[in-house]
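Have a look at the model first.

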Amino acid sequence: MFLINGLEQDTLPASDRATQFGDGCFTTARILEGDVCLLDAHLRRLQDACQTLLIPFTQWEILEHEMRQLASGKTSGVLKVIISRGSGGRGYSGAACQHPTRILSVSAYPTHYARWREEGVTLTLSPVRLGRNPMLAGLKHLNRLEQVLIRTHLEQTDADEALVLDSEGFITECCAANLLWRKGREVFTPSLAQAGVNGIMRQFCLQQLARSDFRIVEVCAGEDALHTADEVVICNALMPVIAVRAYDQQRWSSRELFQFLAPICEQTR
């Protein structure tokens with residue numbers, strides 16, 4: 001189901017800048033028992049992205065109402081929200097775009113996440129590296145060609161997810177998830193100052209860890225850092241937290257960090 005500017009429809013003008021330039025942002029939220037999990041955080045993400053991208057979206061109360069409305073009555077599901085600059089003029093200038101487009105859609109919750117939570121996942125190193133751009137780093141904007149290529153290469157392997165480095169060789173994220181690894185009581189996560197997406201569940205996990213006896217360390221580290229880790233987990237707003245059982249020749253059986261985070265993250269509303 002799609003809702004575009006409040007109307008149930010599934011067509012978008014070819015002139016919309018989401019189509020023309022990938023000019024917009026999005027967020028993907030979990031629906032659980034009729035609620036949008038971490039709704040406020042998802043709205044803040046969209047607000048921050050619109051501010052950075054200079055998209056003059058103002059209909060936040062309407063958008064929140066539509067998000068709640070689409071989630072209402074559904075036991076589980078996935079809610080995706082896209083905001084584009086809309087249509088107007090030609091070329092790169094957005095000066096003539098006065099009415100941003102909001103697009104909401106609902107789809108089924110991925111069934112494989114239950115198996116992943118039980119079994120853990122395997123990672124493979126992606127040959128695709130993320131370009132560094134500190135202005136856009138952290139944002140979930142509509143330019144996702146890097147992730148499309150990462151996924152395409154991943155699907156040619158037997159792995160569940162991809163370990164993704166930036167152009168300088170630093171661990172950044174996975175194809176569709178953020179990454180944390182534990183060594184003793186220290187939990188490391190990649191700095192996203194130059195590339196990557198600052199995921200909603202990553203933010204939530206870091207908040208929970210800050211209240212615990214774990215110590216959080218944001219780092220610029222190469223892939224070798226994983227070979228000395230006691231444990232690795234990945235997370236996103238849908239999973240929400242999954243243990244990594246293998247990468248390269250490395251195998252992990254410890255689930256101390258996973259067992260701390262998973263119950264908390266599963267209860268988010």
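A quick definition before the numbers: a pocket here is an open set of points on a 1 Å grid where a 1.4 Å probe fits, with protein on both sides within 12 Å along at least five of seven lines. Bear in mind that this is a predicted model. With that in hand, the second largest pocket comes out at about 280 Å³, and the largest at about 690 Å³.

**Largest pocket**
- Its lining runs to 30 residues, and the ones closest to the centre are Thr 28, Lys 140, Cys 175, Ala 176 and Asn 236.
- Sorted by class, the lining holds 16 nonpolar, 7 polar and 7 charged residues.

**Second largest pocket**
- Here 18 residues form the lining, with Gly 131, His 141, Asn 143, Arg 144 and Glu 146 nearest the centre.
- Helix 5 is the top contributor to this lining, giving 3 residues.

- Six strands make an open sheet with antiparallel pairing, in the order 2-1-6-5-3-4.
- Strand 2 (7–8) and strand 4 (35–36) each have a single partner strand, so one side of each has no neighbour in the sheet.
- Strand 3 and strand 4 pair antiparallel over 2 bridges, and Leu 32 has Asp 35 of strand 4 as its bridge partner.
- Helix 2 (residues 39–53) packs on the sheet and touches strands 3, 4 and 5, with its direction at about 175° to that of strand 3.

Technical notes
Residues are numbered from 1 along each chain as its sequence is written. This is a predicted model: local features need pLDDT of at least 70, side-chain atom pairs count only at pLDDT 80 or more; totals for chains, interfaces and linings use all residues. Side-chain values use heavy atoms; hydrogens and water are left out. On a 1 Å grid over the protein atoms alone, a cavity is a set of points where a 1.4 Å probe fits but cannot get out, and a pocket is an open set with protein on both sides within 12 Å along at least five of seven lines; lining residues have an atom within 4 Å of a point. Grid points are joined across faces, edges and corners, and a volume is the space filled by probe spheres set on the points. Ala, Val, Leu, Ile, Met, Phe, Trp, Tyr, Cys and Pro count as nonpolar, Asp, Glu, Lys and Arg as charged, and the others, Gly among them, as polar. Helices (H or I, at least four residues) and strands (E, at least two) are DSSP runs, numbered from the N terminus. Two strands pair if DSSP finds at least two bridges between them. Contact means heavy atoms within 4.5 Å. Axes are lines fitted to C-alpha atoms, for helices over the stretch in contact, and angles run from 0 to 180 degrees between N-to-C directions.
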